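User: Hi, I have a protein model open and I'm new to this. Can we walk through it together?
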Amino acid sequence: MRSIWNGAISFGLVSIPVKLVNATENHSISFRQIHLADGGRIRYRKVCELDEEEVSGGEIGKAYEDADGTMIPITDEDLAQLPLPTAKTIEIVAFVPADRIDPLQMDAAYYLSANGVPAAKPYTLLREALKRSDRVAVAKYALRGRERLGMLRVVDDVIAMHGLLWPDEIRAPEDAAPDGDVTVRDAELDLAEALMDTLGEVDMDSLHDDYREAVEELVAAKAAGEIVLPDEPEDTGDGKVIDLIAALENSVRAARKSRNAEGAGDDDGGSGMADVHPIKKTSSKTSGTAKKTTHRTPTGKTVTRSGSSTAKKSAPKSTGAKKSTSTTKKSAGSAGSAGSRTAAKKTAKKTATKTATKKRAASSGGTTAKKTAPSRKRTSA
């Protein structure tokens, strides 16, 4: 990493040569201004408002504008003569607990790197002292032509410095709070805490800039000549008055559902809570039937199929051969013992014999009637 400042940390009478490097970087996508008619770049030129002529960088200086608009020139030599002890020094002025620093004051972040081999020992000494004391150092330093306030703390094995705003640069939160007295019920607080517990913690490394990714995809699609269709805007409520209790309950429900879905996708089965459904009781009349299986087809329809062992429904009660035949079918189709199969065979045999006897009797009766008819005729004659 390229250093942006070279100097030393003043730790009492100990001087620690260090280099200052940026600890952060900006990943936002920048755009250029163009002329819509022909796509040409729009550039800014520095023009003097008195003679309306463009001037170069060497012809430009600094000036302070007075309240009445008068320009007071200030040169670099004038600024160099000012007593600024922190011009090349990070001067530690105090060591305080970390919670004494208001997060509103935090500005840019930097890493302090030991500059050279002789700086390694005092650098390590200050780092370990900060670790053991569990405190941070408040310091003054000068950067880009002005004196600034900073906070030194340990990050891993490196001393980091956060630029701080001066206390008089922090504005008071006037007129920022809601007007009037607002009462919050205990039930609403309980639901809010439940929502906080359900959302839980987050791995900060997993967070990313969704908007930047969407812009990159948009640029790539346009570069490829693709047509980009706008997404449907999400319903944000449009500032409508809502039922706070209902909104909190729905939020807790949605958060739990999301957590359960994430847990189900883990390799170890997830730690989310499973949905519990009551077991339906079946009556004794249907206990003998086979279980039904239900599956969903690719078209989205639900199909219910019975298993291969489903028993046939018995026919209505009847007498004679039908009753015996039904009994035979039940006996033959069931998975009973060998004795029940033998009984079924005997019953079927008896029924067949009776049926055959009846048929022969009916047949013989008809033949006798036919034979006696001619004899009657002869007798009468």
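User: What share of the 381 residues in the protein is buried?
Analyst: Buried residues make up 15% of the 381. Keep in mind that this is a predicted model.

User: How many helices and strands does the protein have?
Analyst: The secondary structure comes to seven helices and 11 strands.

User: Which residues make a nonpolar surface patch?
Analyst: Val182, Val184 and Leu189 make one of about 280 Å².

User: Where is valine 184 placed?
Analyst: Valine 184 is in a loop. That loop runs between strand 9 (158-164) and helix 3 (186-199).

User: Why does valine 184 count as partly exposed?
Analyst: Because its relative accessibility is 48%.

User: New topic. What pLDDT does the protein average?
Analyst: The average is 75. A score of at least 70 is reached by 66% of the residues.

User: Where is confidence lowest, and where is it highest?
Analyst: Helix 6, residues 321-333, is lowest, with a mean of 42. Strand 9 is highest, at 96.

User: Which stretches have pLDDT below 50?
Analyst: Residues 268-293 are one of them. Beyond near neighbours in sequence, that stretch has 17 contacts in the model. Residues 297-340 are also below 50, with 30 such contacts.

User: How should the coordinates be read where pLDDT is low?
Analyst: Where pLDDT is low, the predicted coordinates should not be read in detail.

User: Back to contacts. Of those between residues at least 6 apart in sequence, what share joins residues at least 24 apart?
Analyst: That share is 56%.

User: How many aromatic pairs does a search of the whole structure find?
Analyst: One. The pair is phenylalanine 11 with phenylalanine 95.

User: Why is the pair edge-to-face?
Analyst: The ring planes sit at 70°.

User: Which parts of the chain does the pair link?
Analyst: Distant ones. Phenylalanine 11 is in strand 1 (residues 3-11), and phenylalanine 95 is in strand 5 (residues 89-97). They are 84 residues apart.

User: How does phenylalanine 11 count by accessibility, and how does phenylalanine 95?
Analyst: Phenylalanine 11 is partly exposed, because its relative accessibility is 23%. Phenylalanine 95 is at 29%, so it counts as partly exposed too.

Terms used:
Residues numbered from 1 in each chain as written. Predicted model: local features only at pLDDT ≥ 70, side-chain atom pairs only at ≥ 80, totals over all residues. Heavy atoms only, no water. Helix = DSSP H or I, 4+ residues; strand = E, 2+ residues; numbered from the N terminus. Buried < 20%, exposed > 50% of the residue type's maximum accessible area, 1.4 Å probe, protein only. Contact = heavy atoms within 4.5 Å. Patch = residues over 30% accessible without salt bridge, like charges linked within 9 Å, V, L, I, M, F, W, Y side chains within 5 Å. Areas by Shrake-Rupley, 256 points an atom, 1.4 Å probe, with all protein chains shown as cover. Salt bridge = Lys/Arg side-chain N within 4 Å of Asp/Glu carboxyl O. pLDDT = per-residue confidence, 0-100. Phe/Tyr/Trp six-rings, centres within 6.5 Å; stacked < 30°, edge-to-face > 60°.
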